[in-house]
Amino acid sequence: MIAALMLLAAIQGEGRESLGVFDSWGAFRDAAPLRCYAISQPPQGNRGGAFASIANWPQAGARNQLHIRLSRPRDPRAKVTLAVGERRFELIAGPSDAWAPDPGTDAAIVAAMRSSRSMSVESLARGGGAFADVYALKGAATAIDAAAMGCARR
């Protein structure tokens with residue numbers, strides 16, 4: 001899993017600084033544009049390049065912003081639901097990505113992640129069939145904190 005996280009980060013661009021790997025979550029800092037994020041892949045295998053990230057974009061004023069890359073393209077009529085512990089959140093979705101609808105929901109998601117063991121993203125694939133991408137949350141809180149600190153030090 002650690003090698004997969006490092007590969008994922010390397011694929012996403014140059015000029016990346018590793019802030020640490022914490023169980024199945026990694027934290028990284030990009031210099032231009034400045035952004036810091038915690039990221040993980042589903043432990044059941046990375047189908048379709050799936051990942052979940054929590055990012056900070058200081059210049060845009062965005063803090064702890066959720067981004068999900070789905071493992072499959074979704075049916076355009078299907079909702080995307082994130083379940084974190086007992087909480088459920090409906091996400092805004094594109095063909096293969098999903099986000100929280102607003103900063104308040106981002107904050108609620110991160111709070112739920114800090115006290116839960118796993119989260120799942122569920123939808124319907126294009127052409128039918130339900131799917132769920134499941135993420136272990138061990139190490140997520142530490143990676144999220146490392147990413148926040150990575151962008152606080154300028």
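Q: What hand does the link of Cys36 and Cys151 have?
A: Right-handed, with 95° about the S-S bond. Keep in mind that this is a predicted model.

Q: Where in the chain do the two cysteines sit?
A: Cys36 is in strand S3 (residues 35-40) and Cys151 is in helix H3 (residues 140-152). They are 115 residues apart, so the pair links distant parts of the chain.

Q: And the S to S distance? Buried or exposed, those two?
A: The S to S distance is 2.2 Å. Both Cys36 and Cys151 are buried.

Q: How many disulfides in total?
A: The count is one.

Q: Switching to aromatics. How many pairs turn up in the whole structure?
A: One aromatic pair. It is made by Phe28 and Tyr37, with ring centres 5.8 Å apart. Their planes are at 35°, so the pair counts as tilted.

Q: Why does Phe28 count as buried?
A: Because its relative accessibility is 2%, and the cut-off for buried is under 20%. Tyr37 also counts as buried, at 2%.

Q: What about the largest nonpolar core?
A: That core has 32 residues. Those with the most contacts inside it are Trp25, Ile68, Leu82, Leu91, Met113 and Met119. Helix H2 (residues 103-114) gives the most to this core, with five residues.

Conventions
Residues numbered from 1 in each chain as written. Predicted model: local features only at pLDDT ≥ 70, side-chain atom pairs only at ≥ 80, totals over all residues. Heavy atoms only, no water. Disulfide = S-S within 2.5 Å. Helix = DSSP H or I, 4+ residues; strand = E, 2+ residues; numbered from the N terminus. Buried < 20%, exposed > 50% of the residue type's maximum accessible area, 1.4 Å probe, protein only. Phe/Tyr/Trp six-rings, centres within 6.5 Å; stacked < 30°, edge-to-face > 60°. Core = buried A, V, L, I, M, F, W, Y, C linked by side-chain atoms within 4.5 Å.
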